[in-house]
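Let's take a friendly walk through one protein model. Keep the sequence and the 3D view at hand as you read.

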Amino acid sequence: MGSLSNSVPGMKKTLSSPLLRQDEVDRQQYPVKLMQHQEEPEHQLTRHIHQIIAKSLAPATMLQEIAQLLGTVFQVDSCCLVPVTSEKFDRAITANWCASDYLGLPHPDEIFSTEQVQCASEPTIEDISTIKNSLETGYQYLPLPIKAVLAIPTRFGGKNNGVISLIQFHPYDWSESEKQLLKAVESSCAIAFSQVAQAQVIASQEKYIAKSAQHQSLITQLTILSRSNLELNQMLQLAIASTAECLQADRGMLILLKYTDPLFRTQPKKQIPKAKATVIAEWSRDESSRTTQLETLDKSFSVSECGLCQRVFTSGKPVIINENIDQNSISIAEVFALDILPAVLLVPLENQGKVIGFLVLQQAVPRNWDFAELNMMEMVCAQMSNAIIQSQTLRQVQMLVDERTAKLQSSLELQAKLHERTRQYVEQLRELNELKDEFLSNMSDRLRYPLTNMLMSIRNLRLPGIAPERQAKYVDILESECTKEINLINDLLTLQRLDSHHERPQYENIDLNTKIQDLAASFEQKLAVKGLSISLNLPTESLTLQTEVESFNRIMQELFTNASKYSERDSLVQLQVYHQVKEQIDQVIIKITNTGLGISDEDAAYIFDRFRRGRGGRWTPGTGLGLALVKSLVQHLNGAIAVESTPIEDSNLSRICFTLTLPQFSE
């Protein structure tokens, strides 16, 4: 291959793993007449390598395509790419391409010699070491004796990261043009090798993250189990199952020791104690034949009769077995079933330096346990040891904790009640303060307005030459406003008298039907101003009520006044009277219903309190004493009064019903 200007005769085949076959890869035809273009051959070859890298293929596929391209362009018998990877990776990703003429030939017995290797650049000691290591990794699968090798180490970031090797199965002298072309593609291949290394790092990190997540989940499960109220054996059974499943073992066992001597007696190191071992928790993958065999094994044995357990006491370290043991040379307890599960990891459960048991994981095939898995096993054993030793103590502590928790809960509930009472008290003080402000504002208006009218009337009466009719008008104003002031003062005095003096009512018999009709007639004109009308529903036979007439009249007047103030214009005020017997007591029920803005549950709770007015009535003139006076008078008559607000469908209005209940009905 003295010149690269000759055409390469067709695409050469590749081998299957470790050398791929042509029918297992894409048949991509690369340009073979590199020198027929104006572009330099090294530039064109480098460009094709970059195109392969840009495809974002899997690392093995990318290297295989580059090896195929280089082998075809250089017209060699074989091409091998070996990235230099870290020792922490399980295996190296290499790519080998071989010419189709050598497919299917047997592997020779001839041993390859490193003396047949030439370096495309001036080699350093590091380069020679890198090439030598790559020979051992990448050439072990080549089918024929290697007679000539042209190799070059690739550099990325100032360090060797791989080797490109061109191979001939017959003696061959490499030309300078071939060496220069190989040196030209070194940097491009170094980029490819760097991507391979990065892919391995990412894959390793993803594997580590997944394993860390599994371990974290296991620790969380064991922590939850250790804090649960499960029985000890049940908790340990769940713990060993979770551990074995997380670490993907075929079988898990938890073995506890029962010492003949006290557990924590000081004993010489490496002495085999007299103790009985018993399997208290076991888990196995669901394989019926294996499970059946394991169930028939004896679950108890003596430590002095088991060499595996004795190794823990003599070495003080976990025991790992990945190969078949001659059970004639060492005694093994039957429970381990080494003929079925020969790979064993046995970790001691320790507390205060003493072995209290063993955590055992077994598998049917050998397994290399990494540091993270062994560290995880030690953490699991530490948790289980604490759970076993402290199980009884924890129960006693739990009882004490429950008792103190109950006391604390009681104390917290008491504090909560005190806090709620304090909050309610503060809320009441706030509401009372608001009531005080509202009362003072309201009363000042109710007192100042009549006095102002009276003062203006007096001043006008003093004017000289005032007409007699105007004098009469001002006198009427004086009389009306004085009456309002007197009524307001009388209401306040009446409320105070009813609260401070418990006088007996002065009962009289009245004709209830007649009294109701008279009161309604006296309010018809006042109601008519708002377009209101009254509907009376009285008993057919007139009722006789024994009551205090003055108090009854005032109650009905205030209820009619309330209805006239807060009823919707052009609506109907209904009054219903009937008799009922409840708990052997005769009662008279009087209901006054009007239509208006509804009363909220919050307003209904205090609507009968003095100086309290519902939100809907705060813009209507009034003192807030009317319904409070009604309630005091009703209680004075040993009766009761209630209010109910029922919304009307498809309307923002409600039906407000005041129900007056009076006892002492008599004929």
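What follows looks at a sheet, the helices beside it, and some salt bridges.

## Before we start

This is a predicted model, where local features need pLDDT of at least 70, side-chain atom pairs count only at pLDDT 80 or more, and totals for chains, interfaces and linings use all residues. Residues are numbered from 1 along each chain as its sequence is written, and side-chain values use heavy atoms, with hydrogens and water left out.

## A sheet of five strands

Strands of a sheet pair through backbone hydrogen bonds, in a parallel or antiparallel way. Here, five strands make an open sheet with mixed pairing, in the order S13-S15-S16-S18-S17. Strands (E, at least two residues) and helices (H or I, at least four residues) are DSSP runs numbered from the N terminus, and two strands pair if DSSP finds at least two bridges between them. The edges belong to S13 (533-537) and S17 (640-647); each has a single partner strand, so one side of each lacks a neighbour in the sheet.

Look next at S15 (residues 572-582) and S16 (residues 585-596), which run antiparallel and are joined by nine bridges. Leu 575, for instance, has Ile 592 in S16 as its bridge partner.

## Helices on the sheet

Helix H11 (residues 549-566) packs on the sheet and touches S13, S15, S16, S17 and S18 (654-663); contact means heavy atoms within 4.5 Å. The direction of H11 makes about 20 degrees with that of S16. Such angles run from 0 to 180 degrees between N-to-C directions, with axes fitted as lines to C-alpha atoms, for helices over the stretch in contact. Helix H13 (residues 626-636) lies across S17 and S18, at about 135 degrees to S17.

## Salt bridges

A salt bridge is a side-chain nitrogen of Lys or Arg within 4 Å of a carboxyl oxygen of Asp or Glu. By this rule, there are ten salt bridges. Which residue forms a salt bridge with Glu 282? The partner is Arg 251, with the closest N and O atoms 2.9 Å apart. Glu 282 lies in S7 (residues 275-284) and Arg 251 in S6 (residues 251-259), so the pair ties together parts 31 residues apart in sequence. Arg 251 is buried, at 0% relative accessible area, while Glu 282 is partly exposed, at 23%. (Buried means under 20%, exposed over 50%, partly exposed in between, with a 1.4 Å probe and protein chains only.) Arg 251, Glu 282 and Lys 299 are linked in a network of salt bridges.

Within helix H8 (residues 371-461), Glu 403 and Lys 407 are four residues apart, about one helical turn. Their salt bridge has its closest N and O atoms 3.8 Å apart.
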